[in-house]
Every structure is written in structure tokens, then in C-alpha cells.
Amino acid sequence: MATTASTASAASTASLTSVTLEVADVESAQRFYSAFGVATRIGLRASEAPSTGFRGFTLALTVSGPATVDSFLQAAIDAGATVLKPAARSLWGYGGVVQAPDGTVWKVATSAKKDAGPATREIDEIVLLLGVEDVKAAKQFYVGRGLAVARSFGGKYAEFAADEGSPVKLALYKRRGLAKDLGVRADGTGSHRIVLGCTTGPFTDPDGFRWQAAA
């Protein structure tokens, strides 16, 4: 049975400092992400790199309750997003999945089954989930790069400790499992269309995700 690792020491020598999405039209993407409510948490840059199918990652918003989930999802839909999974209740809470016009898949979820108050536009946490072929191997690669593991569930999931200043938390998930959770096919080719900033770097991980030194 998989076991959960305890929270790691804060002595991590590396951390995720930024997430930059590569998009065909920066101005259009900026309008979308401003309407969605995450424009201050991510960067954008122009790219025409070929990419087909699942890009191998998702960005997940954790919020306070179902009404806030609906608020974010509706804002995304109104701004041009496509619904991949309508918001619904599950054993773990409530959430839905949309795809932005630039192709990035976003999940919005809460562990709360009921609202404790009205909808807000507050984000509790953003997690970048990288879909990888081998979670254990990818985890060891990142540990070797200086990231500290916060939680780990065998070969299924791993999460890294984030500095207070980091806008996004990094986690690893089995690629096929992530695709299934998002309601998309797991196959895809070409660029991931995402670049990660780090206090070390630059480097490319075993699954092709590119990192650059923080500005």
C-alpha cells in the first residue's frame, strides 16, 4: 500500500518561481486570463511551436466552495473556454475542467461539499500538475535538482514544497491518470507549450518539460 511522506524540511535549494504559457496570440490570451482571474499568477509569451493533443499538464485552482468553482468556470466559459468536464460533485468535493482558447487545460475544484458563504474570486492555491510516464523516476530527478518533496503517494503522485513567494505549487501525476481525470485522451505530440522558472536551471526534465533560470 502506498504511504504518505511527511512534510519535508524547508531546506529546499530550488523552487518553482514562475509559469509561462506559450501562446499563438499574447493579447488574446491576456484578455482571457484577466477575465478568468489568474493573469497575475502566470506569464505569457508568443510561440508557434507545433503541439497536438494533450500537452501533458494542467493548472488546477483550489477555491473555497462550490459557488466559487462555478464563478471561475463561468468566467472562463464567457471568455471563450471550452468545457471538458462540467462542474459536478464527487467523493472528494466539487469541480470542473475547461480548456482555454490557447489550449491550456484548467481544473477548478474545492474539497467543500457545501458553500459556507457567497461566491468569491479568491484562489486558495494553484497547482501545476505535470503528467509524467514514471512518477518515482521524475520525483527523483527533481529531488536531484534540489526540490523538496512535501507529499508522495508511491508511484501515483508527488508534490513538492513551495516557497512563500511561489505563485504555483508543483506536483507530478501519472500522465494517463491525469488525462483521464481531465476528460481528455492521453496521446499528444510536439511542444508542451509551457516553460517553468526556477532558482536553478536551465534544464529539461525526462518528460520534456523545460525549465529556465529565474529572471
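**Entry 1: the sheet**

I began with the strands and found eight of them forming an open sheet in the order β5-β6-β7-β4-β8-β11-β10-β9, with mixed pairing. For my own use I note that two strands pair if DSSP finds at least two bridges between them, and that helices (H or I, at least four residues) and strands (E, at least two) are DSSP runs, numbered from the N terminus. The edge strands are β5 (82–89) and β9, each of which pairs on one side only. From one strand to the next, the twist averages 15°. I also remind myself that strands of a sheet pair through backbone hydrogen bonds, either parallel or antiparallel.

What I looked at is a predicted model, in which local features need pLDDT of at least 70 and side-chain atom pairs count only at pLDDT 80 or more, while totals for chains, interfaces and linings use all residues. Residues are numbered from 1 along each chain as its sequence is written, and side-chain values use heavy atoms, with hydrogens and water left out.

**Entry 2: strand β10 and its neighbours**

I next followed β10 (residues 157–160), where Tyr-157 and Glu-159 point one way and Ala-158 and Phe-160 the other way, and where all are buried (buried means under 20% relative accessible area, exposed over 50%, partly exposed in between, with a 1.4 Å probe and protein chains only). Strand β9 (residues 149–153) runs antiparallel to β10 and is joined to it by four bridges; across this pair I found Arg-151 opposite Glu-159, and Ser-152 with Ala-158 as its bridge partner. The hairpin of β9 and β10 has three residues between the strands, and there Gly-154 takes a positive phi near 55°. Strand β11 (residues 169–174) is also antiparallel to β10, with three bridges between them, and its Leu-172 stands opposite Ala-158.

**Entry 3: helix α1**

In α1 (residues 26–36) I looked up the buried residues and found Ala-29, Phe-32, Tyr-33 and Phe-36. They are on the same side of α1 because they cover an arc of only 90° around the axis, the arc being that of the directions from the helix axis to the C-beta atoms. The face turned away from this buried side carries the exposed residues Glu-27 and Arg-31. The buried residues of α1 pack against β1 (16–23), β2 (43–46), β4 (57–62), α2 (66–78) and β7 (105–110), where contact means heavy atoms within 4.5 Å. After α1 comes Gly-37, whose phi is positive, near 105°.

**Entry 4: the cores**

Which residues touch the most other members of the largest nonpolar core? Of its 46 residues, they are Tyr-33, Phe-36, Trp-106, Leu-128 and Leu-130. A second, separate core of 12 residues includes Val-105, Leu-129, Tyr-157 and Leu-182. By a nonpolar core I mean a set of buried Ala, Val, Leu, Ile, Met, Phe, Trp, Tyr and Cys residues joined through side-chain atoms within 4.5 Å.

**Entry 5: Gly-177**

Last, I placed Gly-177, which lies in helix α4 (residues 175–182).

How values were computed: Axes are lines fitted to C-alpha atoms, for helices over the stretch in contact, and angles run from 0 to 180 degrees between N-to-C directions.
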